[in-house]
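Trainee: Could you walk me through reading a helix and its neighbours? I am new to this one.

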Amino acid sequence: MPSSTLISVVFAIITIALVGAWVGGYLDRYQKIAQDHALDAMGENRASYGVKSVLKGQQLSDDKDLNDLQNDTADTVGGLVGKGGLGESVGSALSEGL
């Protein structure tokens, strides 16, 4: 068996095993850890990221000034419960439950 075929077979087996573990829910714990590390690197937590994404989710009008106001409000409110914000302890407590 040529080495490229062997590598392809090993890759396919590993891929099938990972997909099976993901579908079975065995990787959920590791996914949450990876998400927490990524959010921490951005200076966010689950609560601040969730608030920002909900408030920025849909633009309310076509007016650029209103969209800027909406985005600034989302950043401000999300920053309050984010790392270094006034409500960091509340954001951390909420993040643990999410």
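Trainee: At the start of α3, which backbone nitrogen does a side-chain oxygen of Asn45 reach?

Mentor: The backbone nitrogen of Ala47, to within 3.2 Å. Keep in mind that this is a predicted model, where local features need pLDDT of at least 70, side-chain atom pairs count only at pLDDT 80 or more, and totals for chains, interfaces and linings use all residues. Residues are numbered from 1 along each chain as its sequence is written, and side-chain values use heavy atoms, leaving out hydrogens and water.

Trainee: How do I describe two packed helices?

Mentor: Two packed helices are described by the angle between their axes and the distance between the axes. Here, α3 (residues 46-56) and α4 (residues 64-80) pack at about 165 degrees, with axes 8 Å apart. That makes α3 roughly antiparallel to α4 (angles over 145 degrees count as such).

Trainee: Which residues of α3 meet α4?

Mentor: Ser48, Val51, Lys52, Leu55 and Lys56 do, and their partners in α4 include Gln70, Ala74 and Val77. Contact means heavy atoms within 4.5 Å.

Trainee: Is Arg46 buried or exposed?

Mentor: Arg46, in helix α3, is buried, with a relative accessible area of 17% (buried means under 20%, exposed over 50%, partly exposed in between, with a 1.4 Å probe and protein chains only). Its side chain makes a polar contact with the side chain of Gln35 at 2.9 Å, and another polar contact of 2.9 Å joins the side chains of Arg46 and Asp36. A polar contact is a pair of N or O atoms within 3.5 Å, one able to donate a hydrogen and the other to accept it within protein; residues adjacent in sequence count only if both atoms are side-chain atoms.

Key. Axes fitted to C-alpha atoms, helices over the stretch in contact; angles between N-to-C directions. Helix = DSSP H or I, 4+ residues; strand = E, 2+ residues; numbered from the N terminus. Parallel < 35°, antiparallel > 145°, perpendicular 65-115°, else oblique.
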